[in-house]
Amino acid sequence: MGSLPVSLLLLAGLLWLSDIAETGCSESHKCCNGRDHRCSSIGWSMNRVYGTCYCDQACRSTGDCCYDYIEACPASPCVVSEWSQWSGCAEQCQPTVRIRRRHVEQQPLNHGDPCPALEERAGCLEYMTYQGVHCGQSYGPAFISTAEYNKERRKLALFEDKEIPG
């Protein structure tokens with residue numbers, strides 16, 4: 001009957017190990033931003049090593065995430081607001097820029113998609129001053145551009161005054 005206590009001891013040990021083996025991000029209720037050494041657990045990591053594993057954003061790049069990190073800490077993309085209205089031209093009576101902006105409503109989490117550009121610029125020209133006086137410029141009536149101001153693609157003239165082959 002000496003084997004019964006040993007068997008019970010082994011069974012208790014296996015049950016204890018099975019509890020530990022299943023700890024991870026969801027069981028420890030951890031999902032942390034950035035790199036945080038306190039955001040760890042003891043269990044199986046994604047690279048099939050048993051020991052300390054992490055539930056912080058940095059674990060993806062260091063390769064030491066707990067086995068359930070992706071399910072327990074899902075990626076959330078950046079969320080931005082709608083665009084504001086376009087501003088007026090930056091200066092009166094000369095070619096300049098107008099601007100519209102949006103702001104971040106939620107930062108990305110757990111390697112979610114990064115935030116897009118928060119500011120957009122476009123060329124513009126106002127033909128009247130704010131006092132209603134005509135600027136007297138000789139610019140054409142369609143100067144407004146949707147390309148990023150002064151960074152648009154330039155058309156290259158490959159053939160000067162020659163027939164274009166075709």
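In which loop does Arg48 lie? I will come to that residue in a moment, after a word on what we are looking at. This is a predicted model, in which local features need pLDDT of at least 70 and side-chain atom pairs count only at pLDDT 80 or more, while totals for chains, interfaces and linings use all residues. Residues are numbered from 1 along each chain as its sequence is written, and side-chain values use heavy atoms, with hydrogens and water left out.

Let me begin with the overall layout. The protein has four helices and six strands, where helices (H or I, at least four residues) and strands (E, at least two) are DSSP runs numbered from the N terminus. Read from the N terminus on, the elements follow the order α-α-β-β-α-α-β-β-β-β. Of the 166 residues, 24% count as buried, and buried here means under 20% relative accessible area, with exposed meaning over 50% and partly exposed lying in between (1.4 Å probe, protein chains only).

Now back to the opening question: Arg48 lies in the loop between β1 (40-44) and β2. Arg48 has a positive phi of about 65° although it is not a glycine, and it counts as exposed because its relative accessible area is 74%. Cys93 also has a positive phi, of about 60°, without being a glycine. Cys93 is placed in the loop between β3 (79-80) and β4, and this residue counts as buried because its relative accessibility is 16%. As background, most residues other than glycine have a negative phi.

If we leave out residues up to four places away in sequence, Cys55 touches several others, including Gly24, Lys30, Cys39 and Tyr69, a contact being heavy atoms within 4.5 Å.

Finally, how many salt bridges does the structure hold? There are four, a salt bridge being a side-chain nitrogen of Lys or Arg within 4 Å of a carboxyl oxygen of Asp or Glu. One of them joins the side chains of Arg38 and Asp36, at 3.1 Å from N to O; Arg38 is exposed at 61% relative accessibility, whereas Asp36 is buried at 16%. Another joins Glu120 and Arg100, at 2.6 Å from N to O. That pair links distant parts of the chain, with Glu120 in strand β6 (residues 119-124) and Arg100 in strand β4 (residues 96-101), 20 residues apart. Arg121 forms a salt bridge with Glu119, the closest N and O atoms being 3.1 Å apart, and salt bridges that share partners join Arg101, Glu119 and Arg121 into one network.
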